[in-house]
Amino acid sequence: MATAYHNLSSYDPATVSSGAEMTVGIVVSEWNENITKPLLDGAYSTLKKHGVKEENILIDFVPGSFELVFGAKHLAENKPVDAVIVIGCVVRGDTPHFDYVCSGVTQGIADMNIRYDIPFIFGLLTTDDMQQAIDRAGGKHGNKGDECAITAIKMIDFYRRNLEE
C-alpha cells in the first residue's frame, strides 16, 4: 500500500510553481460527503496557498463518483480552466458496483487526459472501508485533496513549459 509509506500532504513547496496565473476547476461528488468535503477543502486551501486566486478556483458538484467524468468534461468544455480535479470516494461493498464505478471513472479520466489539452487530476479515493477513506481525507495519511492540488499546479506548469512554439 503506497499511501502507508507516503503522506498525501507531504511535498517540497520549493518544487511547486506559482499558481497566480492559473484557473483550476474542481468537480466534487456529493456521495460520501463526509469524505469529499475534506478532500475539497484540502485542494482549495492548497491551491490558494500556492497563489491560485479564489475567483480562479471553479467548483461544482455532481451526485456521485460515476458522474465525475461527465462533470469534468462539461467543465473543461464550458469554462476557461487550465486543469480539472475530480474528487470522489468509492468504498468497497458487498456487490461488484465498486468495481464498475471505479473502472468507469478511471477509464473516463484517462480518456480525457488523452483527448483534451488540459490535465485531468484523479482524486477518486477507492478504499476497502470507510476508515481508509477517513485516513486519506485529512487523517493519518494526509489529504488526497492536497496532493491533487499540487499535481494540478505541476501539470499546468508542465504543459506550459512544453508548448510548441
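1. In this predicted model, helix α1 passes helix α5 in a right-handed crossing. The residues that make this contact are Leu-39, Gly-42, Ala-43, Thr-46 and Leu-47 on the α1 side, together with Lys-144, Gly-145, Asp-146, Ala-149, Ile-150 and Ile-153 on the α5 side. Sorted by class, the contact between α1 and α5 consists of 6 nonpolar, 3 polar and 2 charged residues.

2. As for the geometry of the pair, the axes of α1, which spans residues 33-49, and α5, which spans residues 144-161, come within 7 Å and cross at roughly 40°. Because angles under 35 degrees count as roughly parallel and those from 65 to 115 as roughly perpendicular, α1 and α5 are therefore described as oblique to each other.

3. Thr-36 also belongs to helix α1, and its relative accessibility of 1% means that Thr-36 counts as buried, since the cut-off for that class is under 20%. A polar atom of the Thr-36 side chain lies 2.9 Å from the backbone oxygen of Ser-29. When residues up to four places away in sequence are not counted, Thr-36 touches Val-28, Ser-29, Trp-31, Ile-87, Gly-88 and Cys-89.

4. Phi of Asn-32 is near 60°, which is a positive value in a residue other than glycine. With a relative accessibility of 17%, Asn-32 counts as buried.

Terms used
Residues are numbered from 1 along each chain as its sequence is written. This is a predicted model: local features need pLDDT of at least 70, side-chain atom pairs count only at pLDDT 80 or more; totals for chains, interfaces and linings use all residues. Side-chain values use heavy atoms; hydrogens and water are left out. Axes are lines fitted to C-alpha atoms, for helices over the stretch in contact, and angles run from 0 to 180 degrees between N-to-C directions. Helices (H or I, at least four residues) and strands (E, at least two) are DSSP runs, numbered from the N terminus. Angles under 35 degrees count as roughly parallel, over 145 as roughly antiparallel, 65 to 115 as roughly perpendicular and the rest as oblique. A crossing is left-handed if the near helix is turned anticlockwise from the far one by less than a right angle, and right-handed if clockwise. Contact means heavy atoms within 4.5 Å. Ala, Val, Leu, Ile, Met, Phe, Trp, Tyr, Cys and Pro count as nonpolar, Asp, Glu, Lys and Arg as charged, and the others, Gly among them, as polar. Buried means under 20% relative accessible area, exposed over 50%, partly exposed in between (1.4 Å probe, protein chains only). A polar contact is a pair of N or O atoms within 3.5 Å; within protein, one must be able to donate a hydrogen and the other to accept it, and residues adjacent in sequence count only if both atoms are side-chain atoms.
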